[in-house]
Amino acid sequence: MTRLFVSRDSTALSLGAEQVVKAIQQHAGQQALDVQIVRNGSRGLFWLEPLIEVETARGRIAYGPVQAGDVEELLKNGLLEGKSHPLCLGDIEQLPYFKNQNRLTFARVGLTDPVDLDDYLAHDGYRGLKNAVNMAQADIVKQVTDSGLRGRGGAAFPTGIKWNTVLNAPAEQKYIVCNADEGDSGTFSDRMIMEGDPFVLIEGMTIAGLAVGATQGYIYLRIEYPHAKITLNQAIAAAYQNGYLGENIQGSGKTFHLEVRSGAGAYICGEETSLLESLEGKRGLVRFKPPLPAIVGLFGKPTIVNNVISLASIPVILDKGGEYYRDYGMGRSRGTLPLQLAGNIKHPGLFEVAFGMTLRELLYDYGGGSASGRPIRAVQVGGPLGAYLHEGQFDTPLDYEAFAAISAVLGHGGIVVHDDNVNMADMARYAMEFCVEESCGKCTPCRIGSTRGVEVIDRIVNDVQKDKNTELLRDLCDTMVCGSLCAMGGMTPYPVLSALNHFPEDFGQPKSARA
Ligand SMILES: Cc1cc2nc3c(=O)[nH]c(=O)nc-3n(C[C@H](O)[C@H](O)[C@H](O)COP(=O)(O)O)c2cc1C
Ligand code: SF4
C-alpha cells in the first residue's frame with residue numbers, strides 16, 4: 001500500500017485540498033490502486049498548497065500546488081512512485097524554505113496524522129510528560145526557567161517566572177488557561193499547531209498542570225477556528241481514552257482535565273484578563289492589574305495563562321532539557337520563534353527559526369520578495385498593534401530587544417508585507433479605526449481617543465491645519481500610551497506614529513520630516 005499525505009489544515013482546505021482528496025479517491029477507486037490518504041497538518045509552505053506528498057524509499061516526495069483536475073494525470077505519470085513531473089518538488093524536507101528552519105515546536109506538523117496518538121508517540125510524543133511525572137514540581141519549573149522561554153503571545157514575559165508564581169501561590173484549586181484567541185492580523189501559528197499537532201499543546205498543558213498543581217485546564221479558542229476545534233476535541237478524547245488526561249495520568253496518581261471553550265469574536269478577549277472574564281461567562285472587559293492572574297485568576301484562583309506556542313514549546317524542553325532549548329537564539333531571546341509571513345509576499349507561510357535572523361533574510365531569501373514583484377515598502381511586525389518598519393530597518397535581527405530598540409515589537413511573530421502601492425496614512429487611520437472597533441471601552445484614552453484619532457488623521461490628510469493637527473495627533477498618542485489601562489489603547493500609537501514618522505510624505509508632509 002502507498003501512503004499519500006494531503007493536509008487538513010484550513011489554509012490547504014481553502015485552496016482546494018478536500019477536492020484533491022476526493023479526486024484521488026475517485027481515480028484510485030477506478031484504477032483499483034492500493035493507496036491510503038493521511039490527512040496531515042500543513043508544512044507551512046502555503047504557496048505550494050494543496051500539496052500531495054507520497055511516501056517513498058527516497059523520502060516524502062511532494063507535488064504542488066495541485067488542483068483536483070491535476071490528479072488523474074499525476075497518477076498516470078507515476079505519482080505513487082514519486083516520479084518526476086512539472087508539479088514535482090522533490091523531497092519536501094530538502095526544500096531550502098523547509099530545510100533551513102529550526103523546527104522545535106513544529107517538529108511534527110505536516111509529518112504526522114494530527115489526531116493519531118500512536119503516530120504522536122512514534123515521533124517522540126509524550127516524552128516530555130514521561131520525564132515530568134517523575135520530577136518534583138520545582139524541578140519542572142526550573143527546566144522551563146532555564147530554557148529562557150518567554151511568552152509567545154506578545155508580551156514576551158518569562159514563562160518560568162509566571163509558573164513559579166503560580167506554583168508558590170497556595171490554593172486548593174489552580175487552573176491552566178491556554179490563550180488560543182490568536183486575534184493578530186497575519187498570524188496563524190497557533191491555528192497550525194492546533195490543527196496540525198494538537199497533542200503537543202495537550203502535553204504542554206498537562207506538564208504545566210503537574211508543575212504548579214493545577215488539575216483543570218481550558219483552551220480558550222477563537223470561534224473563527226472551527227477546524228482547530230475538531231482536531232483539538234478529537235485529540236483530547238484520544239488522550240482521555242489512553243490515560244494521558246483525566247485521573248491517574250499514566251499511573252502517576254496525578255490528575256489533569258482539559259476542555260475547549262469558544263470565544264465570540266472579540267479581539268480584546270485575547271488580552272489575558274478579558275479572556276478570563278469571558279471564560280467566566282461575562283463580557284470581555286479588561287481587569288485592573290494587580291492582582292496578577294497568576295495570583296487571582298480564573299474564578300479568583302491562581303492561574304497560568306499562556307499562549308498556544310508557549311505551551312506547545314514545553315514538551316521539547318522537558319524532553320531534551322532547558323539547556324537544549326536555550327542553545328538556540330540570541331541575547332535574551334532564547335529558543336525559536338515560528339514566524340508567519342503574510343500579505344504581499346511571494347512565499348507566504350510559517351517559518352520556525354532561532355531568534356537572530358534578520359528581517360531582510362526572511363523577507364527576501366525565504367519570502368522571495370513581494371508577490372507583486374514591486375519593491376517592499378513597509379512591513380508590519382507583531383499584529384495590528386505593531387509598528388511599521390521601513391526598508392532601512394530590515395537589517396534588524398528578529399530579537400525582542402533589537403526590536404524594542406527601534407520602537408517596534410516582535411509580538412506573536414506575524415509579519416504583514418506591503419509593496420510601494422500602500423498608503424501609510426490609510427494604514428495609520430486603519431489602526432485607529434481598529435481600536436475604535438475593538439476597544440473594550442473601560443478607559444477613556446482608548447475608547448474616546450481612538451475615535452478622535454481617526455478624525456485628526458482625516459484632518460491632516462485633508463490639509464486642514466496640518467501642522468496643528470499633526471501636533472495634536474502626537475499629543476493624543478502620548479495620552480493613549482501613558483493613560484491606557486492595557487496595550488490595546490497603549491500600543492495603537494505604534495502603527496500610527498511609525499507610519500507618520502517613517503512615511504511623512506503619505507500625510508502630505510515633506511520626506512525630510514522623516515523622524
Ligand atoms: C489587546 C490584546 C490582545 C491580545 N491578544 C492575544 C492573543 O490573541 N493571543 C495571545 O496569546 N495573547 C494575546 N495577548 C497577550 C495576553 O494578554 C497575554 O500576555 C498572553 O496570553 C500571555 O501568554 P504568554 O506569556 O504565553 O505569551 C493580547 C494582549 C492584548 C493587550
Ligand atoms: S486600553 Fe482599551 S481595551 Fe484596554 S482597558 Fe482601556 S478601553 Fe479597554
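Predicted model: local features only at pLDDT ≥ 70, side-chain atom pairs only at ≥ 80, totals over all residues.
The largest cavity has a volume of about 70 Å³. Its lining is made up of 13 residues, and the ones closest to its centre are V286, C440, C443, C446 and C486. Sorted by class, the lining of the largest cavity splits into 8 nonpolar, 4 polar and 1 charged residues.

What takes up the space of the largest cavity? That would be ligand 2. Around ligand 2 there are 13 residues, and those that come nearest are C440, K442, C443, C446 and C486. By class, this shell holds 8 nonpolar residues, along with 4 polar and 1 charged. Lysine counts as charged, and K442 is among the residues that come nearest to ligand 2. C440, C443, C446 and C486 turn up in the list for ligand 2, and these four cysteines are also listed as close to the centre of the largest cavity.

Next up is helix α12, which spans residues 272-279. Is this helix mostly covered or mostly open? Mostly covered: 8 of its 8 residues are buried. Going along the helix, these are E272, T273, S274, L275, L276, E277, S278 and L279. The buried set therefore takes in two glutamates, E272 and E277, which count as charged. As for what covers the helix, the buried residues of α12 pack against one helix, α8 (159-167), and against the strands β6 (175-180), β7 (216-221), β8 (257-262) and β9 (303-307). After α12 comes G281, a residue with a positive phi, near 90°.

Finally, there is an open space to look at. The second largest pocket has a volume of about 250 Å³. It is lined by 20 residues, with L104, A107, R108, D124 and V316 closest to its centre. Two elements give two or more residues to this lining, namely α10 (198-212) and α14 (314-320). Which of them gives the most? It is α14, with 4 residues. The lining of the second largest pocket divides into 10 nonpolar, 4 polar and 6 charged residues. R108 and D124, both listed among the residues closest to the centre of this pocket, are of the charged kind.

Key: Residues numbered from 1 in each chain as written. Chains lettered and ligands numbered in written order. Heavy atoms only, no water. Near = heavy atom within 4 Å. 1 Å grid on protein atoms, 1.4 Å probe; cavity = no way out; pocket = protein on both sides within 12 Å on 5 of 7 lines; lining within 4 Å. Sits in = over half its atoms within 2 Å of the grid points. Points joined across faces, edges and corners; volume = space filled by probe spheres on them. Buried < 20%, exposed > 50% of the residue type's maximum accessible area, 1.4 Å probe, protein only. Contact = heavy atoms within 4.5 Å.
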